[in-house]
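Dear colleague,

I would be grateful if you read the two side by side.

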Amino acid sequence: MNAIEVEGLGKSYGSFTMSEMSFSVPRGYITGLIGPNGAGKSTLIKTIMGMVVPDKGEVSVFGRSVGPQEGDYKQDIGYISDENIFYDYLTLEQMKRIVAPFYPRWDEELYRRYMDQFELPSRKKIKDCSKGMKMKYSIALAMSHHPSLLIMDEPTAGLDPVFRRELLDLLAEYILEEEHTILFSTHLTTDLDRVADYVTFINRGRLVFSDTKDDILESYLIVKGGKDLLDGDIRNELLGIRESDLGFEGLSSDRKRAQQLFGDKALYEQPTLEDIMYFTAKGGKPRA
Amino acid sequence: MPRMICLIRKDIMLVYRYMWLVLIYAFVFSGFIQSNNSTLLYGLLPGLVLILGIGSDARLPNQQFLVTLPVKRSYLVLSKYASSLIFLVSSIAICIILNVATDMIDFGTVRIDLPFVLGTLISMILFISLYLPLYYWLGVRGTQFLNIAMMLIIMVGNGAVTALLSSDDMAAPLGWLSSHALASGALLASATVLALVISYLISVSIFRKKDL
């Protein structure tokens with residue numbers, strides 16, 4: 001069973017439209033949700049968490065339907081927001097006393113261990129904590145009720161490199177448990193290079209791809225060559241092209257096809273997730 | 001712990017920081033300082049407590065937090081009504097205690113104006129019935145203006161209702177009501193409960209569709 005199933009999801013507000021999005025988050029793995037700012041990552045996560053009501057489509061978590069009239073499915077979710085959603089005039093201890101009773105599996109000992117590990121002072125008011133402390137606190141609260149699914153919205157944005165690495169180690173440790181799943185939205189793709197098993201890429205409210213990281217990296221290819229290699233048909237074969245006086249650099253989603261087209265007249269490079277995101281967002285063409 | 005209890009407990013914890021403000025207000029507007037403690041105290045203290053209690057998690061991030069809890073949205077709304085009623089009864093109890101204390105000190109006897117207390121209770125339940133759907137509809141920014149408008153309504157409305165009940169024109173209807181105390185009490189109670197139920201259904205239908 002997949003941890004999350006998204007089927008034909010659609011949502012419009014203002015100038016933003018999310019259209020017919022369908023994908024799944026496999027159980028037992030780390031899935032990275034990537035896309036440029038405004039792509040719809042937060043809207044998607046908020047929909048899963050019941051904060052945004054979709055115009056159409058279905059979302060389910062561990063087979064249970066998601067929506068404003070559902071609440072129980074969130075027992076299995078540890079949610080970490082990119083912003084502080086807690087009552088900032090309360091202390092960390094007071095906030096914990098509000099959250100803990102909602103979860104029958106709350107583990108006070110585990111919570112204390114995280115508070116010690118992250119060096120968080122229980123009596124400090126949330127508003128007086130730094131961004132990093134608030135994020136650590138959010139992680140401590142989310143992990144202390146033994147969730148099967150961690151949903152994290154841009155958790156590493158604004159964090160120092162030391163804690164970012166610590167957080168990734170923590171996620172790697174959490175995922176060791178077979179039943180655990182992580183959905184992790186970010187635009188810092190280097191984090192996903194380290195830990196993600198699957199990558200879901202959305203751009204302008206549309207799904208570009210959702211696949212294993214290894215398959216994605218194996219199928220995409222960066223081609224570099226002189227401008228004389230480019231004509232109308234070739235341009236259409238590439239997802240995005242960056243041209244300069246010296247030549248061009250383009251991304252192909254079909255490694256074999258690109259090598260057939262350019263042969264030994266071009267140079268080839270393995271793209272990173274950031275390259276794929278950059279060229280796709282720039283070119284704006286979804287993968288077939 | 002049942003989730004409804006957790007939500008009510010949360011509201012009580014959030015309003016706890018205003019405790020001193022409420023107690024100071026209650027003392028200043030009681031018979032210890034004022035010549036007549038009824039109007040200002042009964043008129044404004046329950047309204048103040050309700051607005052503080054309901055508004056304690058009105059900010060959008062806090063609304064988002066509530067929705068991430070393993071609770072249905074309709075439960076969140078229901079708990080707000082339950083907390084509001086608890087705040088209302090508690091604040092009226094504070095008014096009664098202060099009233100009794102000042103009467104004991106000033107006159108050596110206890111006088112509780114039961115119709116006035118019941119009138120305050122019913123008018124405040126109607127206030128909750130009106131306020132909560134507007135609170136869910138307008139969100140945090142709208143609620144700031146709503147609070148000012150509602151405090152004015154409480155002040156003006158309370159004076160107007162008191163004046164109306166004291167006027168000669170009301171003598172006959174009030175006389176009829178007091179001679180049919182059971183029937184009029186049942187009618188009033190039914191109308192109040194109906195107002196609360198309708199208000200709750202409107203609030204749920206607004207909050208269910210709201211993007212946070």
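In chain A, strand β7(A) runs parallel to strand β8 (residues 181-186), and five bridges join them. Strands here are DSSP runs (E, at least two residues), as helices are (H or I, at least four), numbered from the N terminus; two strands pair if DSSP finds at least two bridges between them. Within this pairing, A:L150 has A:I182 of β8(A) as its bridge partner. Strand β6 (residues 77-80) of chain A also pairs with β7(A) in the parallel sense, over four bridges, and there A:Y79 stands opposite A:I151.

This is a predicted model, in which local features need pLDDT of at least 70 and side-chain atom pairs pLDDT 80 or more, while totals for chains, interfaces and linings use all residues. Residues are numbered from 1 along each chain as its sequence is written, chains are lettered from A and ligands numbered from 1 in the order written, and side-chain values use heavy atoms, without hydrogens and water.

Why is strand β7 (residues 149-153) of chain A largely enclosed by the rest of the structure? Five of its five residues are buried, so the strand is largely enclosed; buried means under 20% relative accessible area (1.4 Å probe, protein chains only). A:L149, A:I151 and A:D153 point one way, A:L150 and A:M152 the other.

Elsewhere in chain A, four strands form an open antiparallel sheet in the order β2-β1-β4-β5. Its edge strands are β2 (16-26) and β5 (64-65), each pairing on one side only. Two bridges join β4 (residues 56-61) to β5(A), where A:V61 stands opposite A:R64.

Terms used:
Buried means under 20% relative accessible area, exposed over 50%, partly exposed in between (1.4 Å probe, protein chains only).
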